[in-house]
Amino acid sequence: MRQFPLEMHTLAPGRVVEWRVRSTAAQATGPGGPAGRRASFNQDKHFTVAEESRGADHPVASWLAVTFDVRGPLDERALAQALLAFVRRHEVLRCEFRRLAGELACEPLAADELTLDAVPVGDFPTTEMLRAFLVERFRRSIDTLSWPLFTMGAVSREDSATVYLAFDHIVCDGMSMPIVVNEVLTSYEALCRGERSALPATAPSYLDFAEEQRRRYLSIDANDERLGYWKSFIARNGEFFPRFPLDLGVEPDRMYPIVNEASPLLDAGEAEVFDKSCLAVDGKPFMGVLAAVALALREAGGPGVYRGFMPVSERGREGWSDSVGWFVNTMPIEFDASPGRDFAEVMAGIRSGFRELLRNIDVPFVRAWELLAPQEFAARSWPYPVNFFSYIDMRKCRGAERHEDWRPATHVWSARANGACSWYQRDADGLHMNSIYVDTPAARRTMGAFQEALRETVRDIARSGGFRRPIALTAPRRPLDAPVRV
């Protein structure tokens, strides 16, 4: 399971049907109701940006989507039941968000009041037409300010089907996507066998997580001792956000159309050797990828000390492993990758930096941002290109043993950007990279050279167990690695 642009998906043509969720109670009672529960800090900031940008020429928008396959003729009744059970199971998917007295409230609809309506969409005779429809469908149907905050459908064929679900970020994160796949297909396959799903009716709710987070951190101020990790990072970095160190050709206070591209870094065999090289120096594979990123950036003219943001999952601490929601805290990390330091030394620095990060993970990123950089917090986006690194090992996700059959994939999209973000995924097929960055001539040159340098660096680590030779940043791109730009 890996992440790549939807425009790169090899979807076979077929007949599209969608299922629209609605509340039967809403028809009878209308809007209003109780005040609901408080949103998380991530959700509040995301919703606020959507509110403030609604009247702009280029509103801020984004979605996350997942696609996966069903073998054999599609049983539409069974799939509809599986989808409805999934939506009922996760309270955050049943929430309407409303601004009440300055705070963002989540008003969950009762699970038993939800129903699905099947809506035939039409036949799409070519892959190109189908992909174009889905891209446009996701962009137009996902609206942060209105419920439902997701779209569900399937492309049906005589002997197979591709199921798709797309979500606004306010209700999910990247680690939610494997949960979607596992739960929907596990329920679907049981129903097709004439059995009841073994999944529980409800999962631990993200709303409980959000409420606990706000209870603990809403009242803190900038002098709270729990912000010490952030303050020490800012003191060394010189500012709250760690800058992306390479030229992307962007102007201040301007947002740009995006380039969304993906390419392989290592095949399955190379990735296995790479993992072993990391373990040999007492490091984890994600640390090895981060070390390679730091070296590639440094060789391109970046600093010897790496400073960047890293999203870290908060699922494992309180039993949220099977819950859909935005369980991500974004944290700063730094380590020394100066010339002369070998792979083991850089990995030791990452190991130490990551331990320190985990000791301070409790303070929510959005709260630290609001308290320590209030002027930048008022903006709709990060103030300039930010150094950002994300890694997920999809082999550790629930249902990974069935990924070869289900062929799941994740897809992300953003309307505009002012920098670059890169996500790295490890699965049974190897190590992969997906990047979204500004569509400028400088950024295309910079990111093309960076990706090639990174590919050579991780291959060097796999071949020799460390950093072996300087990386040529002007190497031409291989035609087979040429990404699709959106």
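**Reading the model**

Author: R407 sits in the loop that runs between α13 (403-406) and β14 (409-414). Helices (H or I, at least four residues) and strands (E, at least two) are DSSP runs, numbered from the N terminus. This is a predicted model: local features need pLDDT of at least 70, side-chain atom pairs count only at pLDDT 80 or more, and totals for chains, interfaces and linings use all residues. Residues are numbered from 1 along each chain as its sequence is written, and side-chain values use heavy atoms, with hydrogens and water left out.

Reader: What is the phi of R407 near?

Author: Most residues other than glycine have a negative phi, and most peptide bonds are trans. Phi of R407 is near 50 degrees, which is positive in a residue other than glycine.

Reader: Is R407 buried, partly exposed or exposed?

Author: Buried means under 20% relative accessible area, exposed over 50%, and partly exposed in between (1.4 Å probe, protein chains only). R407 has 44% relative accessibility, so it counts as partly exposed.

Reader: Where does D282 lie?

Author: D282 is in the loop between α8 (268-280) and α9 (285-299). It is not a glycine, yet its phi is positive, about 65 degrees. D282 is exposed because its relative accessible area is 56%.

Reader: Which residues does the cis peptide bond join?

Author: It joins W147 and P148, with omega of about 5 degrees. P148 belongs to the loop between α4 (127-141) and β8 (150-156).

Reader: What is W230 in contact with, leaving aside its neighbours within four places in sequence?

Author: Contact means heavy atoms within 4.5 Å. With those neighbours set aside, the partners of W230 are F240, F309, T330, M331, P332, F365, A368 and L372.

Reader: How many residues of helix α11 are buried?

Author: Six of the eight residues in α11 (residues 365-372) are buried, so the helix is mostly covered. They are F365, V366, R367, A368, W369 and L371. These buried residues pack against α2 (41-53), α6 (206-217), α7, β11 (305-313), β12 (328-336) and α12 (374-377).

Reader: Which side chain has a polar contact with that of H432?

Author: A polar contact is a pair of N or O atoms within 3.5 Å; within protein, one must be able to donate a hydrogen and the other to accept it, and residues adjacent in sequence count only if both atoms are side-chain atoms. The side chains of H432 and D427 make one of 2.9 Å. H432 is found in strand β16 (residues 430-438). Its relative accessible area is 6%, so H432 is buried. Not counting residues up to four places away in sequence, H432 touches several residues, among them R2, S263, W423 and Y424.

Reader: Finish with the whole chain. How many helices and strands has the protein?

Author: The protein has 14 helices and 16 strands. Its radius of gyration is 22 Å, close to the 23 Å that the globule rule gives for 486 residues, so the protein is as compact as a globular protein of that length. The radius is taken over C-alpha atoms, and the rule is 2.2 Å times the number of residues to the power 0.38. Of the 486 residues, 56% count as buried.
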